[in-house]
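Thank you all for coming; I would like to take a few minutes to walk through one model with you. Please have a look at it first, and then we will go through its packing together.

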Amino acid sequence: MKQYSPLTIIFYIIGPILIILSHFGSLLVFKTGLSWGAMLWIVFLYLIRMLGTTAIYHRLLTHKSYHAPALFLWLGCIVTASAGQMGPSWWKAHHMSHHQHSDSELDTHSPNTQSNAIASFYWSQGGWLLSPNFFPDKLPRDVENDHVLKVIDRLHFVPVFALAALSYFIGGLEYLGAFFLSTTLLFHGVQTVNSLAHIVGDRPFITNDFSRNNAFVALLTLGEGWHNLHHAFQSSSRHGITIRFGRVVYLPDPTYSFIKMLEFFKLASKLRMPTETDLLARSELPPAVETPVVSAYVDAKIVK
Ligand SMILES: [Zn+2]
Ligand SMILES: [Zn+2]
């Protein structure tokens with residue numbers, strides 16, 4: 001494990017503590033009730049921070065699947081850090097490691113390394129954060145070399161406190177409870193990519209792991225549930241793609257739609273995406289392979 005300074009260790013450990021507190025804080029809504037305004041606040045905070053996680057942390061910062069101005073990246077990372085799911089260095093480090101070791105013993109949060117179904121789900125849905133695996137082996141050099149991103153990474157909890165304070169300022173304990181509930185739902189929504197999207201769903205593309213395309217996870221995560229496509233084509237800005245009957249089919253992917261909107265406003269450029277030829281070549285039943293097999297079978301019958 002990388003040797004961290006005592007201050008970094010303390011700052012990092014605040015992360016899981018906040019998530020645990022958020023679970024208990026959600027109970028506030030049973031005391032205060034929820035007005036329509038507070039419910040909208042829950043949904044708004046969920047969507048904006050989920051988009052931050054998917055479009056900024058994941059597809060931009062980690063996989064560089066499109067280009068964006070540095071100021072946009074910095075602001076996006078501050079918004080995303082308010083989700084309480086750590087800062088850019090920590091997040092990218094774990095995610096790159098996941099791709100490098102997917103579903104092997106070295107995978108930080110694979111459900112497929114556990115002994116039974118309950119342990120698998122618990123581990124991949126967040127249990128791994130309460131283990132020594134929480135600390136990444138190494139932090140990504142490109143993020144660490146960006147002084148702004150590095151500060152956001154270490155002070156990742158400041159946007160969380162700021163958003164909690166803003167919620168309280170807007171609507172007192174009711175909105176604070178709404179903030180906690182939204183943060184808790186968001187946490188579990190994001191974690192379904194690590195759990196369900198490696199257990200349940202179809203595998204239209206060949207990969208050397210158990211990644212799945214899962215529509216339920218895609219709904220919760222604004223498109224990240226098309227996880228098999230993502231493992232097959234990690235730098236694609238669009239995840240909502242599958243193969244049906246030998247043809248490329250595009251699926252709803254709100255994060256990709258958001259990136260297209262950014263492109264319209266000149267905040268995103270150079271969107272990366274595999275060609276249909278690449279997609280078909282990587283599919284489970286590529287026509288190029290299927291055809292000779294069928295032909296051989298027919299030929300064999302004719303000869304016989
Ligand atoms: Zn994965
Ligand atoms: Zn990824």
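This is a predicted model: local features need pLDDT of at least 70, side-chain atom pairs count only at pLDDT 80 or more; totals for chains, interfaces and linings use all residues.

Among contacts in the protein chain between residues at least 6 apart in sequence, what percentage join residues at least 24 apart? The figure is 67%, where two residues are in contact if their C-beta atoms, placed from the backbone, lie within 7 Å.

Residues are numbered from 1 along each chain as its sequence is written, and chains are lettered from A and ligands numbered from 1 in the order in which they are written.

As for the overall picture, the protein chain holds 14 helices and two strands, these being DSSP runs numbered from the N terminus (H or I over at least four residues for helices, E over at least two for strands). Of its 304 residues, 44% count as buried, that is, with 20 or more other C-beta atoms within 10 Å of their own, again placed from the backbone.

Let me turn to helix α5, residues 88–100, whose 13 residues reach 18 Å from first C-alpha to last, close to the 18 Å expected (1.5 Å times one less than the number of residues). Its buried residues include Trp90, Trp91, His94, His95 and His98, and among the elements that cover the buried residues of α5 are α1, α3, α4 and α8.

Helices α4 and α8 pack at an angle of about 5°, with their axes 10 Å apart, the axes being lines fitted to C-alpha atoms over the stretch in contact and the angles running from 0 to 180 degrees between N-to-C directions. That makes α4 roughly parallel to α8, a label for angles under 35 degrees. Here Trp74, Cys77, Ile78 and Ala81 of α4 meet Val148, Leu149 and Ile152 of α8.

By contrast, α3 and α12 pack at about 70°, with their axes 10 Å apart, which makes α3 roughly perpendicular to α12 (65 to 115 degrees). Leu51, Thr54, Ala55 and Arg59 of α3 make that contact with Thr255, Phe258 and Ile259 of α12.

Notes: A residue is buried if 20 or more other C-beta atoms lie within 10 Å of its own, exposed if 12 or fewer, and partly exposed in between; C-beta atoms are placed from the backbone. Angles under 35 degrees count as roughly parallel, over 145 as roughly antiparallel, 65 to 115 as roughly perpendicular and the rest as oblique.
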